[in-house]
Amino acid sequence: MDTDVVSQVFSFAAIVVSILTAIYSERSSRASIRADNCGKIFDDYLINKIPKARTNLRFGIDGKLYNGNELCDALTDMMMSSLFYKYSDNSFYKPLGEKCQILEDTIVEAGNQAKDSHDQKQTLDDIQAQLENIYKMIEDKRIGRGKIINKCMNFLKIKSF
């Protein structure tokens, strides 16, 4: 009788371990696919196109920002390339688009309106901070950070950030 109890305990433990292994494998597989998708869509923009375009931004003697079109075009192209997320994860795509649009508006405004040297520095710092937020949002998506928080907020019917 004791061997039956021990045998059942080991059988139950083996089932639990098998279930946990299957769950871990499925999550690991999803994480790998998510990272691969993000890499295919965003890597060229994050590593090459956006930094190059950002480097070309400069203020002219007239106090206006020049070469902003290149960065705006890179952001627009990135959003077009990421349309996959509009259909697979709109809770990521929509805020990303909003952040890119705010950055584009900042760049366009700086290109249309003369700024003094203090405001120029502030504008460049603002552009840098907005780019860092966009990069962080994409990196969080790549590694799956924030999903639990968003699920809890959706459960509680709170608007996600």
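**Figure 1. Lys121 and Asp125 pair through a salt bridge (2.9 Å, N to O).** A salt bridge here is a side-chain nitrogen of Lys or Arg within 4 Å of a carboxyl oxygen of Asp or Glu. Lys121 and Asp125 are four residues apart in helix α5, so about one helical turn separates them. Helices (H or I, at least four residues) and strands (E, at least two) are DSSP runs, numbered from the N terminus. Lys121 is exposed at 52% relative accessibility, whereas Asp125 is partly exposed at 39%. Buried means under 20% relative accessible area, exposed over 50%, and partly exposed in between (1.4 Å probe, protein chains only). The model is predicted: local features need pLDDT of at least 70, side-chain atom pairs count only at pLDDT 80 or more, and totals for chains, interfaces and linings use all residues. Residues are numbered from 1 along each chain as its sequence is written, and side-chain values use heavy atoms, with hydrogens and water left out.

**Figure 2. Asp43 and Arg142 form a salt bridge (2.7 Å, N to O).** Asp43 lies in helix α1 and Arg142 in helix α5, so the pair ties together parts 99 residues apart in sequence. Asp43 is partly exposed, at 28% relative accessibility. Arg142 is buried, at 17%. Asp43, Glu139 and Arg142 are linked in a network of salt bridges.

**Figure 3. Asp89 meets Lys141 in a salt bridge, with the closest N and O atoms 2.3 Å apart.** Asp89 sits in the loop between α3 (83-88) and α4, and Lys141 in helix α5, so the pair ties together parts 52 residues apart in sequence. Both Asp89 and Lys141 are buried.

Figure 4. Gln130 is buried, at 12% relative accessibility.

**Figure 5. The largest nonpolar core has 29 residues.** Such a core is a set of buried Ala, Val, Leu, Ile, Met, Phe, Trp, Tyr and Cys residues joined through side-chain atoms within 4.5 Å. Phe42, Met78 and Leu96 have the most contacts inside it. Helices α1, α2 (68-81), α4 (90-112) and α5 each give two or more residues to this core.
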